[in-house]
Amino acid sequence: MIDFNHVESANLHRPKVTRDQIRCNLIGRLESVLVAMFAAGKRRGGNFLVGDVLGSPGDSLQIVLEGEKAGLWTDRATGE
């Protein structure tokens, strides 16, 4: 039997990634991430539109794709 409890993790020597680095990388790929998460969504201008957080077709949920506000979302049905 192989026992992996005593194997040193390869990730221990990897530098830690900061929250800001993760955010920057995510914003850089935002449209492709949203398409993967919400297949029914669509791009309109500088925004990505989808029906809701469950990925339903529609345009109530708007996510900004570009500029300083990239990544911010608005639920146009509720105003949140």
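Predicted model: local features only at pLDDT ≥ 70, side-chain atom pairs only at ≥ 80, totals over all residues.
1. Basis. Local features need pLDDT of at least 70 and side-chain atom pairs count only at pLDDT 80 or more, while totals for chains, interfaces and linings use all residues. Residues are numbered from 1 along each chain as its sequence is written, and side-chain values use heavy atoms, with hydrogens and water left out.

2. Fold. The protein has two helices and four strands. Their order along the sequence is α-α-β-β-β-β. Helices (H or I, at least four residues) and strands (E, at least two) are DSSP runs, numbered from the N terminus.

3. Burial and surface. Of the 80 residues, 20% count as buried. Buried means under 20% relative accessible area, with a 1.4 Å probe and protein chains only. The accessible surface is about 6500 Å² (Shrake-Rupley method, 1.4 Å probe). Carbon and sulfur atoms hold 56% of that surface.

4. Contacts. A contact means heavy atoms within 4.5 Å. Among contacts with a separation of 6 or more, 14% join residues 24 or more positions apart.

5. Core. The largest nonpolar core has eight residues: Leu30, Leu34, Phe38, Phe48, Val50, Leu61, Ile63 and Leu65.

6. Val50. This residue lies in strand E2. Val50 counts as buried because its relative accessibility is 0%. Beyond four places in sequence, Val50 touches Phe38, Gly41, Gly55, Ser56, Gly58, Asp59, Ser60 and Leu61. Val50 and Ala40 are ten residues apart in sequence and 6.5 Å apart in space, C-alpha to C-alpha.

7. Pocket. The largest pocket has a volume of about 220 Å³. On a 1 Å grid over the protein atoms alone, a pocket is an open set of points where a 1.4 Å probe fits, with protein on both sides within 12 Å along at least five of seven lines; lining residues have an atom within 4 Å of a point.

8. Lining. Helix H1 (19-28) and H2 each supply at least two lining residues. The largest share, five residues, comes from H1. The lining also includes Ala70 and Gly71. By class it has eight nonpolar, one polar and two charged residues.

Notes
Core = buried A, V, L, I, M, F, W, Y, C linked by side-chain atoms within 4.5 Å. Buried < 20%, exposed > 50% of the residue type's maximum accessible area, 1.4 Å probe, protein only. Points joined across faces, edges and corners; volume = space filled by probe spheres on them. Nonpolar A, V, L, I, M, F, W, Y, C, P; charged D, E, K, R; others polar.
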